[in-house]
2 protein chains.
Amino acid sequence: MDKIQLAHGGGGKLTDELIDQVILKYLPRPAVLLDSAILETDGTAIAFTTDSYVVSPIFFPGGDVGKMAVFGTCNDLAMAGAVPVSLSLALIIEEGFEIEKLERIMQSVGLAAKEAEVTIVTGDTKVVAYGQADGIYINTAGIGRVISGADIGFNRIEEGDKILLSGTIGDHGLAIMAKREGLSFSTPIVSDVASVAGLANELIRKLGGKVKFLRDPTRAGLAGVLVDIASNTRREIFIQERAIPVKPGVKAGAEVLGFEVLDVANEGKFVAVVKDDAIEEALEICRKHPLGKAASVIGTVHQTSSSGRVVMETLIGGKRIVQKPYGEQLPRIC
Amino acid sequence: MDKIQLAHGGGGKLTDELIDQVILKYLPRPAVLLDSAILETDGTAIAFTTDSYVVSPIFFPGGDVGKMAVFGTCNDLAMAGAVPVSLSLALIIEEGFEIEKLERIMQSVGLAAKEAEVTIVTGDTKVVAYGQADGIYINTAGIGRVISGADIGFNRIEEGDKILLSGTIGDHGLAIMAKREGLSFSTPIVSDVASVAGLANELIRKLGGKVKFLRDPTRAGLAGVLVDIASNTRREIFIQERAIPVKPGVKAGAEVLGFEVLDVANEGKFVAVVKDDAIEEALEICRKHPLGKAASVIGTVHQTSSSGRVVMETLIGGKRIVQKPYGEQLPRIC
């Protein structure tokens, strides 16, 4: 394989390989590129993250690329146990892009920043020739203030910990695909794009280190997050399919389009690994929050297996291994 | 004008208009997107910046897009009076891009990060379909630690302050254009891409608040920086053409290609506004540094004029007003 394939961007195994074997190869060791890095500055811990948003179409039911760019980066900060504070905004715009669309996107950026209580403090605008981009790509980087008492990391996960999912899965990916394919369902599928920082921050403020790990299931979906947890902890993650909330319309849409909903991207959900004795309180906190009403305890961390794996008890009572998607299930989903 | 033009990305007047009239319009007021923002966190001041690099060609004499992405962001931090500490790295790669090229770029990123003593701590990799990018675009955001005693801002500039330029101008822009046009000169023109953070940091450590303003003349070149200083301070900036160092090959190249060298992008230079009584020391510090050997005092801040302007005494003793380039002189120069 000597050329980049779309699948390299899918967030699945092939992305992991590209990052491990090419991107990290020349960086000083031990090189790790985290969703959010934690930096210590004179006793203050700050989180730092970046994401580019290349979603297509740029306007979709429930949001647009501008809203995603703000909320997605807020979510990455929140997953590191931080309160989002400041964002950068870097635009790469294709020649010929309608300025009216740019206005709509910026309006959306402004509203999202206000809602998420972040300030956009630095920016960059580049223009490339017609045919050298697809409308607009947006990068946001973000800085957050790590909450006192936050202690997030794969290394803290133990046997008996519970897996909490903050809401339904598949909404974003299916909304994008339905729009892209020109499909309409009797119940419209709407992206879940939202900042979950408020809820995730509240969990940490109330439960401190009992919240052991947080991750938002974007590219590669819930499956991607669970497999990452299993492989990094070398434990078995046991989940129950019936506990995973999926809206009926999303479920139907996934079936029509042939997608495994576990692999589909989300933009307003998170997975939390919580200490057993705090899981009821965590669930209660979530369910009282507008973005956590459908929160559910979907599984448990089991004993160490040789290399880590995710086992799902299916709806009909069987068991199957959940795999991380290999490559590109849905190109340009985020 | 209802569509984005290449000129909107040139860093000139049209870019300013786009930012003022569209991009900032919907952000909470007072919205300003600085090259680098300064954030206060519990008494520690950090600088935060972002830039996307869409340079074409991605490999050019003296560097490549990876080296630029690291050094350019270090430079933006240094211009805010900060020591670069941590960078993010976000790649947007076109399907079909040769992995060997990605390896060369990452090698360059790694070497540049080592040289600039920054750590790349967080990243993102997106892939877009063939024809939706032009090879690779890289965004880096950066965090720096503001040096104690640094006090950088247009508002500190006064009559009598001197304008220091750290070295020759035009090298980067001409190197890119020569490569793009397939021109070769008897003396090859090589980009000046470098991190000037070490030198700029040293100036501030030694001269503190006597260094009143710093800016690297990238897009829109030296003219862009000087006009920004004049219009933001509403003063006259008086410069002497003979004091501006330009390599003979660059000068010849600019003439052949029809470029005004003042407008051409640089990637390893900076302009400093320095208090009169510290200018000799500043010049000495620069000239002892490998990246400041050709440093020169190019002008003086004069009395307030109604709207600010830049006046240049030409080589033949005449005077002319220096304007900021309108739009896109050199597309995708950085």
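**Nonpolar cores, a covered helix and a buried threonine**

Beyond its neighbours within four places in sequence, A:Ile136 touches A:Ile58, A:Val65, A:Leu91, A:Ile92, A:Ile93, A:Phe97, A:Leu102 and A:Ile105, contact meaning heavy atoms within 4.5 Å. The model is predicted, with local features requiring pLDDT of at least 70 and side-chain atom pairs pLDDT 80 or more, while totals for chains, interfaces and linings use all residues. Residues are numbered from 1 along each chain as its sequence is written, chains are lettered from A in the order in which they are written, and side-chain values use heavy atoms, without hydrogens and water.

A:Ile136 also belongs to the largest nonpolar core, of 76 residues, where it is listed with A:Val70, A:Leu102, A:Ile105, A:Leu222, A:Ile237 and A:Ile244 as touching the most other members. Such a core joins buried Ala, Val, Leu, Ile, Met, Phe, Trp, Tyr and Cys residues through side-chain atoms within 4.5 Å; buried means under 20% relative accessible area with a 1.4 Å probe, protein chains only. Helix α3 (residues 99-116) of chain A gives this core its largest share, eight residues.

Helix α6 (residues 221-233) of chain A is mostly covered, with eleven of its 13 residues buried; among them are A:Leu222, A:Val225 and A:Ile229. Helices here are DSSP runs (H or I, at least four residues). After α6(A) comes A:Arg234, with a positive phi near 55°.

In chain B, B:Thr168 counts as buried because its relative accessibility is 11%. Its side chain makes a polar contact with that of B:Asp171 at 2.9 Å, where a polar contact is a pair of N or O atoms within 3.5 Å, one able to donate a hydrogen and the other to accept it within protein, and residues adjacent in sequence count only through side-chain atoms on both sides.

Definitions and conventions:
Buried means under 20% relative accessible area, exposed over 50%, partly exposed in between (1.4 Å probe, protein chains only). Helices (H or I, at least four residues) and strands (E, at least two) are DSSP runs, numbered from the N terminus.
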